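These are my notebook entries on one structure, set down in the order in which I looked things up.

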Amino acid sequence: MREIAPKCACEKLHPEQIAHAEIQMPNDEELFALADLYKIFGDSTRIRILYVLYDTELCVCDIAEMLGMTLSAISHQLRVLKQARLVKFRRAGKTVFYSLADDHIHSILGQGMEHVRE
């Protein structure tokens, strides 16, 4: 059975809390950018790729092998992740290695998994 959220029975507003919330509220452009970021995380294939890169760097061939996917499918998803600045790459001769873009991405994944496992 679904739990129903309780309804507010108060008859007056709380101006101090409202003022605090208004100060903390990012502008619409930032909120839309954040929503777009979370949309990227909303795809299980992209999450799998990010976790493969959690503590190491790999080339497209390695990622495709690990996830049982085609090079084309992995390349497409890496392009999306790169455009969202979630992964970075480096060239070593003809090979391109991918890794997480920065520690923020590592933290987001780690905290998300910690939350899921609670």
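**Entry 1. Confidence**

In the chain, where is confidence lowest and where is it highest? I find it lowest in helix α1 (residues 15-24), at a mean of 92, and highest in strand β1 (residues 58-59), at 98. The score is pLDDT, the predictor's confidence in each residue, from 0 to 100. The chain has a mean pLDDT of 94, and 99% of its residues reach 70 or more. Helices (H or I, at least four residues) and strands (E, at least two) are DSSP runs, numbered from the N terminus.

I note that this is a predicted model, in which local features need pLDDT of at least 70, side-chain atom pairs count only at pLDDT 80 or more, and totals for chains, interfaces and linings use all residues. Residues are numbered from 1 along each chain as its sequence is written, and side-chain values use heavy atoms, with hydrogens and water left out.

**Entry 2. Helix α5**

I then asked which residues of α5 are buried, that is, under 20% relative accessible area, with exposed being over 50% and partly exposed in between (1.4 Å probe, protein chains only). They are Ile 74, Gln 77, Leu 78, Val 80 and Leu 81. Seen down the axis of α5, these residues fall within an arc of 160 degrees, so they line one face of the helix; the arc is that of the directions from the helix axis to the C-beta atoms. The exposed residues Ser 72 and Gln 83 sit on the face turned away from the buried side.

The buried residues of α5 pack against α2 (28-41), α3 (44-52), α4 (60-67), β2 (87-92) and β3 (95-100). Arg 85, which follows α5, has a positive phi, near 60 degrees.

**Entry 3. Helix α4**

In α4 I find Val 60, Ile 63, Ala 64 and Leu 67 buried. Viewed down the axis of α4, they fall within an arc of 100 degrees, so they line one face of the helix. Glu 65 and Met 66 are exposed on the face turned away from that side. The packing partners of the buried residues of α4 are α3, β1, α5 and β3. Gly 68 follows α4 with a positive phi, near 65 degrees.

**Entry 4. Core**

A nonpolar core is a set of buried Ala, Val, Leu, Ile, Met, Phe, Trp, Tyr and Cys residues joined through side-chain atoms within 4.5 Å. The largest has 22 residues, and Ile 49, Leu 50, Leu 53, Ile 63, Ile 74, Leu 78 and Leu 81 touch the most other members. At least two residues of this core come from each of α2, α3, α4, α5, β3 and α6.

I listed the contacts (heavy atoms within 4.5 Å) of two residues. Leaving aside neighbours within four places in sequence, Ile 74 is in contact with Ile 49, Val 60, Ile 63, Ala 64, Leu 67 and Met 69. Thr 45, in helix α3, is buried at 19% relative accessibility. Not counting residues up to four places away in sequence, Thr 45 touches Met 69 and Gln 77.

**Entry 5. Cysteines**

How many disulfides does a search of the whole structure find? It finds 0, a disulfide being a pair of cysteine sulfur atoms within 2.5 Å. The sulfur of Cys 59 is 4.5 Å from the closest cysteine sulfur, in Cys 61, which is too far for a bond. Cys 59 is buried at 11% relative accessible area, whereas Cys 10 is partly exposed at 41%.
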